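These are notes for a colleague opening this model for the first time. Please keep the sequence and the 3D view side by side while reading.

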Amino acid sequence: MIHRLSDLAPSEFGEPLPPGADPKVLRDELVAAAEWVSQYLSELPAGPVSRPMPARQRVRLREAPLDREGMELGRVLDFVQDEIASFPTGNGHPAFFAWVNSPPAPAGVIGEFLASAVNATCGMGENALMDLERGTVRMLAGLAALPDTTGGVLTSGGSLANLLALATARTWFLTRRGSGDGPAYDRDHARLTLYYSAQAHMSVAKAAACIGLPAHRLRPVATDAHDRLDPAALHAAVTADLDAGLLPFCTVTTLGTTATGAVDPLEPVTELCRSTGLWHHADGAWGGLGAAVPALASLYRGIGTVDSLTVDPHKTLSVPVGCGALLVPDSEHLHTAFAHRASYLTAGDGGDALPWLSHATIELTRPGTRALALWATLNHLGRDGVTALIEHYLTLADQLRQRITAHPRLALLPSGPWPVACFRITDPDSGDPDAFHARVADRVRARGLAYLATVAVRDRTVLRACLCNYRTTTDDLDLLISEVLHAADADQPPRRR
Ligand SMILES: *Cc1c(COP(=O)(O)O)cnc(C)c1O
């Protein structure tokens, strides 16, 4: 009897059928891959942050045809080493300060790898990784200080979590009004309006577009001097829309704005949402776990009463991408929005079985890699480790801000409490200062020793350095500053024609 593809001896069937592998070959290749991974991760800091890829090579990756003949398993590792890993784009390196891109946590790398072998599909039926996903969702909810009842799902990232949240809020709102379908739907859907701070992540407006809200039903609300949503401005906007016969249905607050790391006020927004019948979604893709950090906890008072929360474990926790989550204190709302039946999907979905996770999201066949990578990372850290990790980033950000403040040629802009520093060079040579700062960031990146991004703050382009790498040290902060000044000195404005 044949148990494995590798049992198909060449004499019977020619060569073993792909994609099977001889157990000995598979073992040797897995060991080689594991050795390569551990060496790659340990040597990463010693290499360049980024290495530009020759144009010819990029074309080859995009256009190489599929050969007729299959390749040996070992070629996969050769390929990654030569064509992929030789050209890092930064995140992973301790001197990478752009966006909110973390290095992978070792426990997460192991978890992801092992889960890919188990290959459970976490959308239907019953399997251990689906229960583990439910468990990790509860762990995240506990760290975020959401109620014990909280359910939810893991997602590819914050963008998908925000999309699920808006779709859930829309269904909740229309169902409550009795306009979930029919002419009432046509009438009401066209009047839905959405509120979020002018500093919200673009994925919120993108999600709104995906659920069918036109741009003229979106209300970016003014922020205060610290980039936080202004509750009075929100109140005024909601009231004006109600007076105009529109249907305000949801407000999105941001916990950790992308540009400057601000945390919107939670309690006044929840209060307004309750009194006017709106859903309160908090986008904490970056800063959703602030309640677990004593220094930040006071800003998170009232988080337990939001209707939904996005968190992105692939940002603050270094779980390998992509791992986001949508947490919903009353997860019935998710099921109302996403549970759809089909005759070919019934086994195990009845009696006292729990709702399938596909009933809480738009994915059916879903990876178990997110759950195991997240579980491994969280358990490797422990609750205290999560707090210590975020505190480490806060401390590094303070140290960077102090260095910027102390430097005569640099000016710090207000930022925080999340660990980011926005700053400018005070003596741009000449010409347009916005273009100058963009060139400085380009030049820093091109030299390959450090990596940072720019962002628009109050309509001016500034340098932005984000702290989200557990391997970053104060030496990397000094390196960043010297690279920025070096790039500024070497700047040559483009000649006028
Ligand atoms: C990063 C981020 C997102 C998007 O998350 P992805 O994981 O990149 O899809 C959304 N909102 C905020 C506040 C973010 O920081």
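1. Basis. The model is predicted: local features need pLDDT of at least 70, side-chain atom pairs count only at pLDDT 80 or more, and totals for chains, interfaces and linings use all residues. Residues are numbered from 1 along each chain as its sequence is written, and side-chain values use heavy atoms, with hydrogens and water left out.

2. Ligand shell. The ligand is surrounded by 14 residues, the closest being Gly158, Ser159, Asp283, Asp312 and Lys315 (a residue is near if one of its heavy atoms lies within 4 Å). By class, the shell holds 2 nonpolar, 9 polar and 3 charged residues. Here Ala, Val, Leu, Ile, Met, Phe, Trp, Tyr, Cys and Pro count as nonpolar, Asp, Glu, Lys and Arg as charged, and the others, Gly among them, as polar. Helices α7 (158-177) and α12 (313-316) each give at least two shell residues, and α7 has the largest share, with 3 residues. Helices (H or I, at least four residues) and strands (E, at least two) are DSSP runs, numbered from the N terminus.

3. Glycine 158 places a backbone N or O atom 2.8 Å from a ligand oxygen. Serine 159 has a side-chain N or O atom 2.6 Å from an oxygen of the ligand, and for histidine 314 the side-chain distance to a ligand oxygen is 2.8 Å. The protein buries 85% of the 380 Å² that the ligand exposes when taken alone (Shrake-Rupley method, 1.4 Å probe).

4. Mixed sheet. An open sheet of 7 strands runs in the order β1-β7-β6-β5-β4-β2-β3, with mixed pairing; two strands pair if DSSP finds at least two bridges between them. Strands β1 (151-155) and β3 (218-221) each have a single partner, so one side of each lacks a neighbour in the sheet. Neighbouring strands are turned by 20 degrees on average, direction ignored. Strands β4 (247-254) and β5 (279-284) pair in the parallel sense over 5 bridges, with cysteine 250 opposite tryptophan 279.

5. Helix α9 (202-210) lies across β2 (192-197), β3, β4 and β5, at about 170 degrees to β2. Contact means heavy atoms within 4.5 Å. Axes are lines fitted to C-alpha atoms, for helices over the stretch in contact, and angles run from 0 to 180 degrees between N-to-C directions.

6. Antiparallel sheet. Four strands form an open sheet in the order β8-β9-β11-β10, with antiparallel pairing.

7. Helix α15 (433-447) lies across β9 (420-425), β10 and β11, at about 30 degrees to β11. Helix α16 (474-489) lies across β8, β9 and β11, at about 25 degrees to β9.

8. A loop residue. Asparagine 127 sits in the loop between α5 (106-118) and α6 (128-144). A polar side-chain atom of asparagine 127 is 3.0 Å from the backbone nitrogen of leucine 129. Leaving out residues up to four places away in sequence, asparagine 127 touches Ala120, Thr121 and Cys122.

Key: Polar contact = N/O pair within 3.5 Å; in protein donor to acceptor, adjacent residues only side chain to side chain.
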